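Hello,

I am handing over the structure below. Please open it first, then read on for what was found in it.

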Amino acid sequence: MVADEILRTHLQELRRGTVVVASLVALRRPDYGYALLQRLTGHGFPVDANTLYPLLRRLEEQGLLTSEWNTEESRPRKFYRTSDEGERLLRRLLDDLAAVQTSLTSLIEGVER
């Protein structure tokens with residue numbers, strides 16, 4: 001069905017930016033990629049591993065995440081954490097997200113600004 005594909009495309013566009021915000025929030029507590037993937041999915045942010053891992057690398061390159069390897073277990077894992085710069089950006093993104101929600105609510109309710 002065309003309508004299903006259109007909906008799927010728009011939902012994907014809507015979620016793309018929110019996955020960045022959700023990842024920065026979730027990684028206030030250090031975690032490794034697969035655990036983050038499960039946690040995001042469990043909180044209603046389904047994301048594919050082929051999307052998440054490049055996102056984590058990009059956020060790290062931008063200085064928004066820090067990482068370190070845990071080699072104490074049998075299999076080394078790379079743990080990510082939101083950096084100070086990532087926390088500053090996150091606060092701005094959350095403020096903007098709240099403003100968008102307020103604007104949408106006023107449109108839905110027909111409130112004039």
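Helix H2 (residues 33-42) packs against helix H3 (residues 49-61) at an angle of about 120 degrees, and the axes are 10 Å apart. Helices here are DSSP runs (H or I, at least four residues), strands likewise (E, at least two), numbered from the N terminus. Axes are lines fitted to C-alpha atoms, for helices over the stretch in contact, and angles run from 0 to 180 degrees between N-to-C directions. H2 is therefore oblique to H3. The cut-offs: under 35 degrees is roughly parallel, over 145 roughly antiparallel, 65 to 115 roughly perpendicular, and the rest oblique.

This is a predicted model: local features need pLDDT of at least 70, side-chain atom pairs count only at pLDDT 80 or more, and totals for chains, interfaces and linings use all residues. Residues are numbered from 1 along each chain as its sequence is written, and side-chain values use heavy atoms, with hydrogens and water left out.

Which residues of H2 and H3 meet? From H2 come Gly 33, Tyr 34, Leu 36, Leu 37 and Leu 40; from H3 come Ala 49, Leu 52, Tyr 53 and Leu 56. Contact means heavy atoms within 4.5 Å. By class, this contact of H2 with H3 has eight nonpolar, one polar and no charged residues. (Ala, Val, Leu, Ile, Met, Phe, Trp, Tyr, Cys and Pro count as nonpolar, Asp, Glu, Lys and Arg as charged, and the others, Gly among them, as polar.)

Next, helix H1 (residues 2-26). H1 and H3 pack at about 70 degrees, axes 11 Å apart. The two are therefore roughly perpendicular. Val 19, Val 20, Ser 23 and Leu 24 in H1 meet Leu 52, Leu 55, Arg 58 and Leu 59 in H3. That contact of H1 with H3 has six nonpolar, one polar and one charged residues.

H1 also packs with H2, at about 115 degrees and with axes 11 Å apart. Here Ala 22, Ser 23 and Ala 26 in H1 meet Leu 36, Arg 39 and Leu 40 in H2. The classes in the contact of H1 with H2 are four nonpolar, one polar and one charged.

Now the charged pairs. The structure holds eight salt bridges (a side-chain nitrogen of Lys or Arg within 4 Å of a carboxyl oxygen of Asp or Glu). One of them joins Lys 78 and Glu 60, with the closest N and O atoms 3.2 Å apart. This pair links distant parts of the chain: Lys 78 is in strand S3 (residues 77-82), Glu 60 is in helix H3, and they are 18 residues apart.

Best wishes
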